[in-house]
Every structure is written in structure tokens, then in C-alpha cells.
Amino acid sequence: MLIYLQMTGNTPLPRQLLPISTNWVVPTPENADRYDGTVALSREIFLEGWLLPRLAEFNKRSTYVATDAWWNGHGIGPNSYHYYLNGQLGRDNATAAELLFTPVTKDKVDQSVLTGLDLDTPGHWYQYKSDSLKHSPQDDLLRRHVWLSGVTDNYMFIPEGYNKDGKCQILLKGSTLIKFEVALDSISYNTQFPFPLEGSILGKWSTSIILDGINGEIVIKVDEINPKIEENIDEKLVDRDEIKTFREPLKDRMKHLTMTDLMNDMRDVLGNAWEFVLPGAGDFYIHKAMFNGEEDLLCELKYKFQA
């Protein structure tokens, strides 16, 4: 076996041999696959430098940010006040670092995320979480108030090795929960404080990125997200214009969450022939790809043109 080391980004070659920290050759199930070589892209280069920044764009689009929660008026009764709640799906003012997935241990993963998953390979978990809250001050004698909050909680699983079908399957699962409360009117004129009315909109989604080799080519598949939306809104609020103002646009944008851009980028990077500077070698194509225990991306290579 010959091993060649190439450096990127004008990084100088190391002055001494690098220790072998993990496996660089991983057999497929039943060891039935044959290939001509392996290229290992370090965790820093591919996962941290390429994949996570692109997934951060999806975190940005799926994050709900509460922007407005206020009321005005005086007296008692449904026509004596006016309130306004609003927010947006998209965290536009966040830095790149704030949108990244970060590593977490499995015990920190929400149980609802693990439910129904049949993981047949070890791996590493990542999480992205964002909280947003807007509320009006409770500065009047009746403690009237309105508030709006959004919590986005996304998870990713990077597998080590192939699954039982001989594929590399990256799992992504998450949710965005919007909750609101309106306390502006009492149940009756004999009640001292207003009775709070509550509501919530929950969008849950899951997808996977599958790297597979079919007929000598790598095939990248991203399952449709198809978010599921659940609502639980007090009947006294559900038909009010103040709620419809932000509720309908929010549901529409949730339904159109997609990873099409990411899928196209991955196909551009992994689907074309690679020209490596290897003595006596021609062009290679990637036959399969997977992650090892250190989260380096291992690419099985085959000659593009057989002698």
C-alpha cells in the first residue's frame, strides 16, 4: 500500500510522519466491494470546513425569530384594546458561527429525536438551538400582556462507516416551536386579572443525506423534508386577525423548507472526476464515501479509465 499526503490552503507539509489515528479503509458489508484507492479528507477540511457551513444555511432558514409583541388600549372588554404579534422564519442577523451545528453527546439529544430511529452504526451527534422571545411590559394594574416566543432545535447524526445496506446515511431531524399568550381581557367583570389565552404552532421535520455508489458512480440523495405542522390554539384566538397575520405566512414558509441547494453543491463536489497529482495515475472518480471514527471523509476511488 502506498500513501500520499497532499496539503491544501498553502499549508506546509509536516516535518515528520503523522501518526495513524483511525481507520482509513473500511470494508462494506460482507466485504464485497473492490476499489483502487482511498482519499481521506480530514474532518477540518470537509465536515467543519465545507458541510457544516452549508447546513448552517438551513439552520438559518428554519429558525423562528420573534420580532414584535405589544398592545395598547384601556378599559375592559374585547373592543377596548389592540395587540400585535409577529416574527419571521429566518435568522438573518446571526453570525456564521452562531448558525453552526455543534457536537453533543447522545445523552443530550432530545428523546423525541431518538424515538423511531433505528441506528445500526456508531457515530457522532450535533445540535443547533436558538431561542427567541418578545413580550410587552406588564405595567398596568390589570397585568395585561402579550408575548411571543420561538425555539428551533435541530440535530444531525454523522455515522461511522456504512449502514447495513452499504450506504453512508447522514440523519437530520429538528423542530421549530412558536408559542404565544394573550392576556388582555378578563373572563368576567368579577375577575380581577385577565385570563391568559394561549396558542402554539409546531413544525417538525426530518431528512437524510445518503451517499451511495451505483453502477460505478456516486449517487447523492436528499430525502424530501415535508415538515409536519401541528397547531394548538385557543378557540377564542384562532380566528382573530392578529393571529392570522403571522400564523398563515409562518405555516407557508415552514412547508417550503428544502435542502435542494445543499444537494446540488454536494453533487458538484463529489460527483465529478478528481484529478489527483499521483505518480503514474490518471483520473479517478469517487465510487463510495463514508466517515471514519475521527469524522474524516473517506472516498473510495476507482480509475476513470481502465487500462
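Predicted model: local features only at pLDDT ≥ 70, side-chain atom pairs only at ≥ 80, totals over all residues.
Is lysine 204 buried, partly exposed or exposed?

Okay, lysine 204. Its relative accessibility is 37%, and that makes it partly exposed. Its side chain meets the side chain of glutamate 230 in a salt bridge, at 3.1 Å from N to O. Now look at where the two sit: lysine 204 is in strand S8, which covers residues 197-214, and glutamate 230 is in strand S10, residues 228-233. They are 26 residues apart, and the pair links distant parts of the chain. Glutamate 230 is partly exposed as well, with 39% relative accessibility.

Glu231, Arg247, Glu248 and Lys251 are joined into one, through salt bridges that share partners.

How many salt bridges does the structure hold? The count is 10. Let me pick out two others.

Here's one: glutamate 295 with arginine 43, where the closest N and O atoms are 3.0 Å apart. Is glutamate 295 buried or exposed? With a relative accessible area of 4%, glutamate 295 is buried, because the cut-off for buried is under 20%. Arginine 43, at 27%, is partly exposed.

Next, stay with helix H1. The side chains of arginine 61 and glutamate 57 form a salt bridge there, 3.7 Å from N to O. These two are 4 residues apart in helix H1, so about one helical turn separates them. Arginine 61 is partly exposed, with a relative accessible area of 23%, and glutamate 57 is partly exposed too, at 36%.

Last bit: how confident is the predictor? The mean pLDDT of the protein is 80, and 74% of its residues reach 70 or more. Which element has the lowest mean pLDDT? That's helix H4, residues 260-270, with a mean of 70. Strand S4, residues 102-104, has the highest, at 96. And please be careful with residues 275-281, where the pLDDT is below 50. Beyond near neighbours in sequence, that stretch has 11 contacts in the model.

That's my tour, thanks!

How values were computed: Residues numbered from 1 in each chain as written. Heavy atoms only, no water. Salt bridge = Lys/Arg side-chain N within 4 Å of Asp/Glu carboxyl O. Buried < 20%, exposed > 50% of the residue type's maximum accessible area, 1.4 Å probe, protein only. pLDDT = per-residue confidence, 0-100. Contact = heavy atoms within 4.5 Å.
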